[in-house]
Amino acid sequence: MAKLKVAGTWGGILEVELENWTLNMLRDEVAKRSGLDPESIKLIFAGKILKDDGDATLTLSQLGIKENSKILSCRQAAPEEGKSIMAEEERARRLSRVKAAATALSKRHADGSLPIQDYNIELEDQGGHKVQFGTETDQSAAMMGLMLHTKAKSLIEIEMYSDAVEVLAMAEESFLLCDPKILELVDNLPMMEIDIVWCYFLLRDIKCLSDAGVRLVRARKGLERAHGKDLSRVRLLQAGQSPEMAIYLRLELLEGVVAYHTGQNDKALNALKSAHAKFLQLQIPDETLSLVMGMGFQEKDAKRALRLNNQDIASSVDFLIEERAKKAQKREQDLQRQSEILEQKKYGVTPMKKAVDMQMLERLVSIGYARELAAESLRRNENDIQKALDILTDPKVNSTIQAYIESRKRKRQEQLVGISVAELVSMGFERGKATSALEAGGSREDTIQRLLSASVANPGTTTTSVINATSSTNNVGAESSGFGGGAEQDSEMKDETTDDIANRASTSSDGMEEERDSEIEDEIADEIARVDALSAYDINLDKEIEAINEYLAMLDASQESC
């Protein structure tokens, strides 16, 4: 018998028969002593992984192992375990991308900077009114919290509960960055607590029981602060409607489940009975639903309206008509906001990478200043309206800005057409006529043809030079940098153009472009677009009633056994 020194997953002296033992026999023995699966064991000898190259009959001696050889035993992932690890790593990467995308979106909307593409995302209350959350930090944190909460709800819908818990934890962390006084006025955080415990329940994660109990206590206190004692505040805000009943049903169900698992059967029974009573209140008779749907409303909208209005048909129809009007107004406002965003992009960003303030711009325009001139003045002065006025009233500076705006327009047109004033001048056209031809719009060929027609009508240059210029237009672009536009052209282009500024807006202070995860950002934006202020209350309740009946049956069984 020969002795081998083994270290790693198991350490010690192993006695083997070098001429009879195979690699599989050695691996099995090391695995048995390590308490591991043989497939998860990797043996290393002389710096190389031991392999039999498909010949399972090779002995340890034939593999070069001798008396007192040192063998290192390492654990490697089994095939299925390897897949699980890879899946977990992919999940972690995706969750990290979700957080990064939500952070980027919320930051840009809070600080007013303009991304390459934009989304019209606003904070709204249940009445559809725009909400401003205190400071820029509050605004950014609230925006991020809402985005992540929305993402988590979409994960719950597709039954990815573990991922949803992770994203909800991110959302909670973000909301807690807001001023606590602001959070006390809204029900987002307590509803998030309920969603977290709901995921615990659907995962049947009993180890989270104590955390669930603490969260439900916080949720009830938070809802009472936001909705008022006995729901007095929410009744006032909602004009007697009851949008929150489904949320309280889920809360009471979860309180009953936690009470049951902690041995508080009486408390569990009361909570579950209350939840059951709410479920019955929320049930809508088919006849009533059909009547409302028969008036041209979708099933989901009709159910929501009937639930909110205690199944009163007249009130529900009034509610739905009002909601349609609100949606139409919202669409109009969205289009207006999108138009405003496009206009802001055209003006570029301030040195601090802020968008031009449209309200300040309207004030300057109302005084009588040209729109582009006023916008450029605000851009150069960080939206300080007084400083903008100071330079607008300075004739010399005003004239300089106007010259810059004209040069910017010309450069934009040159980029669009594919030919510059300098190139046209190099072909023999007069600078003034070349500028006018470009400003008239059209393609490269249209611009040249326009100038040719003007030359024929008003001959001022030789026809030969013009013809020669047009015959060599295909090569002008590659050589255009060799032609100078004169001192006038150079001075006009000293300032950055709008495109230069807009491109710089997406570049960090160290000169590196900020990478954006367009896939996840688009995903989050689409999910937000599908919800409204009352979407949180649209709960199906199928899983809830199953759970209520299940736990009531278990309570009955426990009482009978007593």
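What follows covers the model itself, its aromatic rings, its nonpolar cores and its cysteines.

## About the model

This is a predicted model, in which local features need pLDDT of at least 70 and side-chain atom pairs count only at pLDDT 80 or more, while totals for chains, interfaces and linings use all residues. Residues are numbered from 1 along each chain as its sequence is written, and side-chain values use heavy atoms, with hydrogens and water left out.

## Aromatic rings

Rings of Phe, Tyr and Trp (its six-membered ring) pair if their centres lie within 6.5 Å; the pair is stacked with planes under 30 degrees apart, edge-to-face over 60 and tilted for the rest. Counted this way, there are three aromatic pairs. One of them joins tryptophan 198 to phenylalanine 201 and is stacked, at 5.6 Å centre to centre and 25 degrees between the planes. These two residues are three apart in helix α6 (residues 188–203), so about one helical turn separates them. Helices here are DSSP runs of H or I with at least four residues, numbered from the N terminus.

Phenylalanine 201 also pairs with tyrosine 551: their ring centres are 6.3 Å apart and the planes meet at 50 degrees, so this pair is tilted. Because phenylalanine 201 lies in helix α6 and tyrosine 551 in helix α26 (residues 542–561), the pair ties together parts 350 residues apart in sequence. Ring pairs link Trp198, Phe201, Tyr260 and Tyr551 into a cluster.

Are tryptophan 198 and phenylalanine 201 buried or exposed? Both are buried, where buried means under 20% relative accessible area (1.4 Å probe, protein chains only). The relative accessible area is 9% for phenylalanine 201 and 3% for tyrosine 551, which is buried too.

## Nonpolar cores

A nonpolar core is a set of buried Ala, Val, Leu, Ile, Met, Phe, Trp, Tyr and Cys residues joined through side-chain atoms within 4.5 Å. The largest one has 68 residues, and Leu148 and Ile524 have the most contacts inside it. Helix α9 (residues 245–261) supplies the largest share of this core, eleven residues. Apart from it lies another core of 20 residues, including Trp10, Leu23, Leu50 and Leu63.

Which residues does leucine 148 touch, leaving aside neighbours within four places in sequence? Its contacts (heavy atoms within 4.5 Å) are Val98, Lys99, Ala102, Val167, Met170 and Ala171.

## Cysteines

The model has zero disulfides, a disulfide being a pair of cysteine sulfur atoms within 2.5 Å. Cysteine 178 is buried at 3% relative accessible area, and cysteine 208 counts as buried at 14%.

How values were computed:
Buried < 20%, exposed > 50% of the residue type's maximum accessible area, 1.4 Å probe, protein only.
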